[in-house]
Amino acid sequence: MTRVFSGVKPTGHLTLGNYLGAVRRWAEVDQHRTDALFCVVDLHALTVDHDPARVRRLSRQAATLLLASGLDPELCTVFVQSHVDEHARLSYLLECVATDGEARRMIQYKEKAARERERGGSVRLSLLTYPVLMAADILAYGADEVPVGDDQTQHVELTRDLAVRFNQRYGQTFVVPRATPPKVGARVMNLQDPTSKMGKTDDVGPGIVYLLDEPDVVRKKVMRAVTDSGRDVVYDREERPGLANLLEILAACTGGAPEDLSGVYESYGALKKDTAEAVVEVLRPVQEKHKELCADPSYVEGVLRLGAEKAREMARPRVDEAYRAIGLLAG
Ligand code: AMP
Ligand code: TRP
């Protein structure tokens with residue numbers, strides 16, 4: 001059976017981008033047709049300035065939201081990365097296979113490091129090695145597919161390179177995975193700045209729709225989305241990025257294609273209204289289920305405990321094998 005692995009970082013509240021780009025498909029498609037693992041990748045949240053209590057809180061919230069989005073522990077494995085030692089164990093071996101040049105070429109590293117330096121801050125070494133830990137997340141489980149948004153495809157490419165190189169040098173150990181981005185919604189953009197991704201780490205901001213935003217907040221954010229000075233409502237990603245983003249969000253929420261919505265709307269106002277309502281409807285069941293789950297935190301804890309046990313069992317043999325293959329004495 002195909003194995004799927006994906007994860008979400010607890011660096012902020014989950015956004016509509018996370019949902020349309022990744023989580024919704026995990027719940028609606030991946031968990032039903034594959035042997036899937038979904039992980040709150042908390043170690044990755046330590047690569048930038050962090051507040052320990054906040055990371056803990058956001059990890060619990062992310063796990064709760066994954067379940068609220070429809071991940072079913074009967075169908076897939078939901079767990080927290082730091083509960084399973086194999087991720088960090090394997091990451092070190094992969095650091096011995098990756099080069100520093102490879103790590104420095106990662107777009108996300110370059111962007112985040114530059115931003116940090118601009119602020120006068122220092123860059124954590126773990127920000128550079130982050131994609132190697134991500135590769136370990138994926139390779140430890142022998143995942144075939146990695147359902148992620150567009151921003152992660154370069155990291156999955158690196159993962160492939162490391163798997164191939166390890167296998168060539170030390171013998172067949174890892175499955176070579178591939179990224180599977182969604183057709184629509186792979187890159188939801190910030191409503192106030194449609195040239196940058198709707199990312200949860202970009203603070204509050206009226207351009208980011210959070211999964212737990214109240215309906216009226218969602219409506220306000222969508223109605224105030226930046227568009228452009230044109231008048232006709234056509235889909236053109238290059239020339240009309242703000243408009244294209246709204247059309248993509250609407251299409252992703254209603255299950256259509258953004259091209260088909262070209263010319264359907266008479267005005268920006270009408271498009272925004274429909275988009276806002278579509279987003280509210282998509283979020284409603286998630287928010288309802290989230291509320292229910294919050295009333296029973298011991299259920300979520302139980303799911304995570306069991307998930308970690310299952311994950312550990314799946315990862316351990318392959319990571320042990322990699323330790324032997326690379327030349328470490330069996331313990
Ligand atoms: P992260 O928030 O970086 O942990 O991302 C978790 C998942 O959501 C990854 O698969 C990302 O590719 C996806 N994702 C995050 N932001 C967006 C976005 N704005 N549009 C589409 N997918 C996204
Ligand atoms: N780097 C991913 C992100 O920022 C999160 C992540 C960590 C991940 N490990 C992973 C995604 C393994 C897929 C598979 O979104």
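Reply: A UniProt record, from an unreviewed entry, places the short sequence motif "'HIGH' region" at residues 10-18. Please keep in mind throughout that this is a predicted model.

Me: How far apart do the end C-alpha atoms of residues 10-18 lie?

Reply: The span is 33% helix and 0% strand. Between the end C-alpha atoms of residues 10-18, the distance is 12 Å.

Me: Does Asp137 count as buried or exposed?

Reply: The cut-off for buried is under 20% relative accessible area, whereas exposed means over 50%. Because the relative accessibility of Asp137 is 2%, this residue counts as buried.

Me: Which side chain does a polar contact of 2.9 Å join to that of Asp137?

Reply: Leaving aside neighbours within four places in sequence, Asp137 is in contact with Phe5, Val41, His44, Gln81 and His87. The side chain that a polar contact of 2.9 Å joins to the side chain of Asp137 is that of Gln81.

Me: How far is a nitrogen atom of ligand 2 from an N or O atom in the side chain of Asp137?

Reply: Ligand 2 is surrounded by 13 residues, of which the closest are Lys9, Tyr130, Met134, Asp137 and Gln152. For Tyr130, an N or O atom of the side chain is 2.5 Å from a nitrogen atom of the ligand, and for Gln152 the corresponding distance is 3.0 Å. For the side chain of Asp137, the distance to a nitrogen atom of ligand 2 is 2.6 Å.

Me: How much of the accessible area that ligand 2 has on its own does the protein cover?

Reply: On its own, ligand 2 has 370 Å² of accessible area. The share of this area that the protein covers is 93%.

Me: Which residue has a polar side-chain atom 2.5 Å from an oxygen atom of ligand 1?

Reply: Of the 18 residues around ligand 1, those that come nearest are Lys9, Gly149, Asp151, Val188 and Lys200. Gly149 places a polar backbone atom 2.7 Å from an oxygen atom of the ligand, while a polar backbone atom of Val188 is 2.8 Å from a nitrogen atom of the ligand. The residue whose polar side-chain atom lies 2.5 Å from an oxygen atom of ligand 1 is Asp151.

Me: And how much of the accessible area of ligand 1 on its own does the protein cover?

Reply: The area in question, for ligand 1 on its own, is 480 Å². The protein covers a share of 96%.

How values were computed
Residues numbered from 1 in each chain as written. Chains lettered and ligands numbered in written order. Predicted model: local features only at pLDDT ≥ 70, side-chain atom pairs only at ≥ 80, totals over all residues. Heavy atoms only, no water. Buried < 20%, exposed > 50% of the residue type's maximum accessible area, 1.4 Å probe, protein only. Contact = heavy atoms within 4.5 Å. Polar contact = N/O pair within 3.5 Å; in protein donor to acceptor, adjacent residues only side chain to side chain. Near = heavy atom within 4 Å. Areas by Shrake-Rupley, 256 points an atom, 1.4 Å probe, with all protein chains shown as cover. UniProt positions renumbered as here; feature names shortened; annotations may be inferred. Helix = DSSP H or I, 4+ residues; strand = E, 2+ residues; numbered from the N terminus.
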